[in-house]
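I opened this entry to keep track of what I looked up.

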Amino acid sequence: LPPVVQYAARALANGASGLLAAVTTAVALGAVIGASSGQWSVVGRCLGCLPMLLVAVPSAVMLGLAATAPAIGNDSQNLVHNTVSAIVTVCSGAVFPTSVSPELDALAQVMPLHHTVAALRGVVAGAPATAWAGQLGLELAVGVGWGLVSLVVYTWFDWRGRRTGRGAFAA
C-alpha cells in the first residue's frame, strides 16, 4: 500500500482504539468510584466527560503520526509506538502529577492528554466549567501543533523517499 494509505489507516486505527479505551475507562471508573463512595453521580460526570475525547483523541493521534512517519516500513515501528505511548502516559498527569519535576511539567505542557486529564479532574470533582474549559483549549492547541509537525514530517519523509528511492516512501 502507498505510505499515505498506511499513514491514514494507522491514524484511524489508533484513534478508534483510543476512543474505545476511553469510553470503557470512563464507565469502569465511574462505577468503581460510585460503588466505593456511594456517590453514584460521579458515573454521570464521568460519562459527561466523553465529549472531551473529541479534542483529546485527535491530539494524541497527531503526535502518533508525527512519531510514526519515520518508522513506516522499517523494523522500528513497534519500538517507536511503545516509546511514544509511554512518554504520553507519563506526561499526561494521569498516573502522577507532572508537577513533581519542573522539566517533566514543561514537557507535559506540549504533550497530548495532559490538559484533557486536568480538565477531566475538574469535571469529576464537580468544578464549574470556567475552572477547566481553558484546559480543553490548550489541548486543542497542542493537537493543532502536533498536526502541523506530523504534516511537515510526513512531507519531508515522502520527499526524501522519492528523491533517494529508499524506504517505504519511495513507492
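**Glycine 30.** I began with the contacts of glycine 30. Leaving aside neighbours within four places in sequence, glycine 30 touches Val43 and Cys46. I am working on a predicted model. I placed glycine 30 in helix H1, which covers residues 3–37. Is glycine 30 buried or exposed? Glycine 30 is buried, because its relative accessible area is 0% and the cut-off for buried is under 20%. I also checked a distance from this residue. Glycine 30 and leucine 140 lie 110 residues apart in sequence. Their C-alpha atoms are 25 Å apart in space.

**Serine 59.** Next I looked up serine 59, which sits in helix H3. Its relative accessible area is 1%, so I noted serine 59 as buried. Which residues does serine 59 contact, leaving aside its neighbours within four places in sequence? I listed Pro112, Glu139, Val142, Gly143 and Trp146.

**Leucine 113.** I then turned to a backbone angle. Most residues other than glycine have a negative phi. Leucine 113 is not a glycine, yet its phi is positive, at about 80°. I found leucine 113 in the loop between helix H5 (102–108) and helix H6 (114–124). With 27% relative accessibility, leucine 113 counts as partly exposed.

**Cysteines.** I searched for disulfides. A disulfide is a covalent bond between the sulfur atoms of two cysteines. I applied the cut-off of 2.5 Å between cysteine sulfur atoms. The count is zero. I also looked up burial for two cysteines. Cysteine 49 has a relative accessible area of 5%, so it is buried. Cysteine 91 is buried too, at 1% relative accessibility.

**H3 and H4.** I moved on to helix packing. Two packed helices are described by the angle between their axes and the distance between the axes. H3 spans residues 53–68 and H4 spans residues 77–92. They pack at an angle of about 140°, and their axes are 10 Å apart. H3 and H4 are therefore oblique to each other, because an angle has to be over 145 degrees to count as roughly antiparallel. I noted a right-handed crossing for H3 and H4. From H3, the contact takes Leu63, Ala67 and Thr68; from H4, Val80, Val84 and Val88.

**H6 and H7.** The next pair was H6 with H7, the latter covering residues 129–164. Their packing angle is about 160°, and the axes are 8 Å apart. So H6 is roughly antiparallel to H7. I noted a left-handed crossing for H6 and H7. Which residues of H6 and H7 meet? On the H6 side I listed His114, His115, Thr116, Ala118, Ala119, Gly122 and Val123. On the H7 side I listed Trp132, Gln135, Leu136, Leu138, Glu139 and Val142. The contact of H6 with H7 divides into seven nonpolar, five polar and one charged residues.

**Whole chain.** Last, I looked up the chain totals. The protein chain has seven helices and zero strands. From the N terminus on, I read the order as α-α-α-α-α-α-α. The C-alpha trace spans about 60 × 30 × 25 Å along its principal axes. Of the 171 residues, 33% count as buried.

Definitions and conventions:
Residues are numbered from 1 along each chain as its sequence is written. This is a predicted model: local features need pLDDT of at least 70, side-chain atom pairs count only at pLDDT 80 or more; totals for chains, interfaces and linings use all residues. Side-chain values use heavy atoms; hydrogens and water are left out. Buried means under 20% relative accessible area, exposed over 50%, partly exposed in between (1.4 Å probe, protein chains only). Axes are lines fitted to C-alpha atoms, for helices over the stretch in contact, and angles run from 0 to 180 degrees between N-to-C directions. Helices (H or I, at least four residues) and strands (E, at least two) are DSSP runs, numbered from the N terminus. Angles under 35 degrees count as roughly parallel, over 145 as roughly antiparallel, 65 to 115 as roughly perpendicular and the rest as oblique. A crossing is left-handed if the near helix is turned anticlockwise from the far one by less than a right angle, and right-handed if clockwise. Contact means heavy atoms within 4.5 Å. Ala, Val, Leu, Ile, Met, Phe, Trp, Tyr, Cys and Pro count as nonpolar, Asp, Glu, Lys and Arg as charged, and the others, Gly among them, as polar.
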